[in-house]
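Please have the sequence and the coordinates open side by side.

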Amino acid sequence: MKKERIYSGKAKDIFSTEDENTIVSVYKDQATAFNGVKKERIVGKGVLNNQISSFIFEKLNAAGVATHFIEKLSDTEQLNKKVKIIPLEVVLRNYTAGSFSERFGLEEGLKMETPIVEFYYKNDDLDDPFINDEHVRFLNIADEEQIAFLKEETRRINLLLTDWFQQIGLTLIDFKLEFGFDKDGKIILADEFSPDNCRLWDADGNHMDKDVFRRGLGDLTDVYELVWEKLQALK
């Protein structure tokens, strides 16, 4: 099914298919942090991220969220709809953590009365800077209606994800989403959802996400395997 590699990213390679409207995403055994400054090959990570992301996207599709996910092809491969990625990282924060805590001098783990949605400009050369709605419009990334949809859809996804993770004893601290335009010009959820692009804490405050790699807190695959085992209880 795969033809030519059309993109090589930090965590996935993207291949064209015989259908111009679909792609194959291949998950890598690679962990990166700090915009690629810290990089390491971690055997088994690609399989786990594909399992977790496929599972979450299947549940989102069933819940009525439009996503690019079609099916899981193998341990490391997904068939996805081809989209034109919107160059924004849409971050939702339920609790203070990471760069947010550093930016405002706050301890981690403070619950927000209302979850905060932030935009970051997807540009590795600029280190993906934080931007606001007016910047998004000025850069012609999205118009006012599209910005409103991205925020509304992210908040809707958050309600679903928060509930699912609560059911298995995990707290969704924050997460990053990416969206794109499908062949009909509709904005749909793209990329992936795994412990690579969210923060999950257990009841004891242990990190169950990529902070284990960022902060040298333990074995990443052991943690991801535990998240995967817990998620299967939702079936």
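A polar contact is a pair of N or O atoms within 3.5 Å; within protein, one must be able to donate a hydrogen and the other to accept it, and residues adjacent in sequence count only if both atoms are side-chain atoms. The model is predicted, with local features needing pLDDT of at least 70 and side-chain atom pairs pLDDT 80 or more, while totals for chains, interfaces and linings use all residues. Residues are numbered from 1 along each chain as its sequence is written, and side-chain values use heavy atoms, leaving out hydrogens and water.

The side chains of Arg199 and Asp174 make such a polar contact, at 2.9 Å. Arg199 belongs to strand β14 (residues 198-201); strands (E, at least two residues) and helices (H or I, at least four) are DSSP runs numbered from the N terminus. Arg199 counts as buried because its relative accessibility is 12%, where buried means under 20% relative accessible area, exposed over 50% and partly exposed in between (1.4 Å probe, protein chains only).

Gly44, in the loop between β5 (38-41) and α1 (45-62), has 23% relative accessibility and therefore counts as partly exposed. Beyond its neighbours within four places in sequence, Gly44 is in contact (heavy atoms within 4.5 Å) with Asp29 and Thr221.

An open sheet of 5 strands runs in the order β1-β2-β3-β7-β6, with antiparallel pairing; two strands pair if DSSP finds at least two bridges between them. Its edge strands, β1 (5-8) and β6 (69-72), each pair on one side only. β6 is joined to β7 (residues 77-81) by 3 bridges, and Phe69 has Asn80 as its bridge partner in β7.
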